[in-house]
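This report describes side-chain packing and pairing in one protein chain. The sequence and structure are shown first, and the description follows.

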Amino acid sequence: MGRFQVMTMSDAAAARVREIVEAREGAHGIRVGVKKGGCAGMEYTIDLVTEPDAKDDHVEHGGAHVWVAPEAALFLLGTEMDFEKTTLRTGFTFHNPNQSSACGCGESVELKPADLKALAEARAAADAA
């Protein structure tokens with residue numbers, strides 16, 4: 001079954017999403033988006049999903065559910081979401097092929113949108129499979 005996924009998530013990210021959902025009543029997963037902000041221009045946003053939006057792209061891995069905001073799809077195409085715990089920070093990280101640079105603190109990134117044609121072709125290929 002070919003199902004289009006804007007992005008993927010690692011096992012560690014999926015485990016963390018499941019933990020978040022289990023800790024909050026009524027949660028189904030998380031929603032990833034992007035917003036203008038930070039010193040490099042864009043920041044990733046993560047919100048709790050209690051009612052999935054049919055317009056969002058849905059990504060599922062290992063029982064974890066992530067929705068991607070429509071306006072973020074072009075910026076997140078091909079991205080892998082991961083989760084890391086280090087001495088300096090604990091949180092989701094994004095390995096994004098659309099990222100052209102990041103600020104030193106890693107809180108914001110410069111993202112160039114993926115080609116709209118590439119997104120459409122990826123969707124069509126998944127639908128045809």
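Helices, meaning DSSP runs of H or I with at least four residues, are numbered from the N terminus. Under that scheme Ala12 belongs to helix α1. The model is a predicted one.

Ala12 is partly exposed, because its relative accessibility is 34%, a value between the limits of 20% and 50%. Apart from neighbours within four places in sequence, Ala12 contacts Asp82 and Phe83. The C-alpha atom of Ala12 is also separated by 7.6 Å from that of Glu84, although the two residues stand 72 residues apart along the chain.

Ser10 is located in the loop between β1 (8-9) and α1 (11-23). Ser10 has a relative accessible area of 11% and is therefore buried. When neighbours within four places in sequence are set aside, the contacts of Ser10 are His61, Glu80, Met81, Asp82 and Phe83.

In soluble globular proteins, nonpolar side chains tend to be buried together. Here the largest nonpolar core comprises 29 residues, and the members touching the most others are Met7, Val66, Met81 and Phe92. At least two residues of this core come from each of α1, β2 (29-37), β3 (41-49), β5 (64-68), α2 (73-76), β6 (80-85), β7 (90-95) and α3 (116-128). The greatest contribution is that of α1, which gives 4 residues.

Which residues does Val66 touch, not counting those up to four places away in sequence? The set consists of Met7, Met9, Val17, Ile30, Val32, Asp57, His58, Val59 and Met81. Met7 and Met81 in this set are, like Val66, among the core residues that touch the most other members.

## Aromatic pairs

The structure contains 2 aromatic pairs. One of them, formed by Tyr44 and Phe94, is stacked, with 4.0 Å from centre to centre and 20 degrees between the planes. This pair links distant parts of the chain, since Tyr44 lies in strand β3 and Phe94 in strand β7, 50 residues apart. Both partners are buried: Tyr44 has a relative accessibility of 19%, and Phe94 has one of 12%.

Phe83 and Phe92 form an edge-to-face pair, because their ring planes meet at 65 degrees, above the limit of 60 degrees for that class. The ring centres of Phe83 and Phe92 are 5.4 Å apart. Phe83 is buried at 16% relative accessibility, and Phe92 is buried at 12%.

## Salt bridges

Side chains of opposite charge can pair when their charged atoms come close.

| Arg16 | Glu19 | 2.9 Å |

Asp53 is partly exposed, with 30% relative accessibility, and Lys55 is exposed, with 63%.

Asn96 sits in the loop between β7 and β8 (99-102). Why does Asn96 count as buried? The relative accessible area of Asn96 is 9%, and buried means under 20%. The side chain of Asn96 makes a polar contact of 3.2 Å with the side chain of Thr79.

Conventions
Residues are numbered from 1 along each chain as its sequence is written. This is a predicted model: local features need pLDDT of at least 70, side-chain atom pairs count only at pLDDT 80 or more; totals for chains, interfaces and linings use all residues. Side-chain values use heavy atoms; hydrogens and water are left out. Buried means under 20% relative accessible area, exposed over 50%, partly exposed in between (1.4 Å probe, protein chains only). Contact means heavy atoms within 4.5 Å. A nonpolar core is a set of buried Ala, Val, Leu, Ile, Met, Phe, Trp, Tyr and Cys residues joined through side-chain atoms within 4.5 Å. A salt bridge is a side-chain nitrogen of Lys or Arg within 4 Å of a carboxyl oxygen of Asp or Glu. A polar contact is a pair of N or O atoms within 3.5 Å; within protein, one must be able to donate a hydrogen and the other to accept it, and residues adjacent in sequence count only if both atoms are side-chain atoms. Rings of Phe, Tyr and Trp (its six-membered ring) pair if their centres lie within 6.5 Å; planes under 30 degrees apart count as stacked, over 60 as edge-to-face and the rest as tilted.
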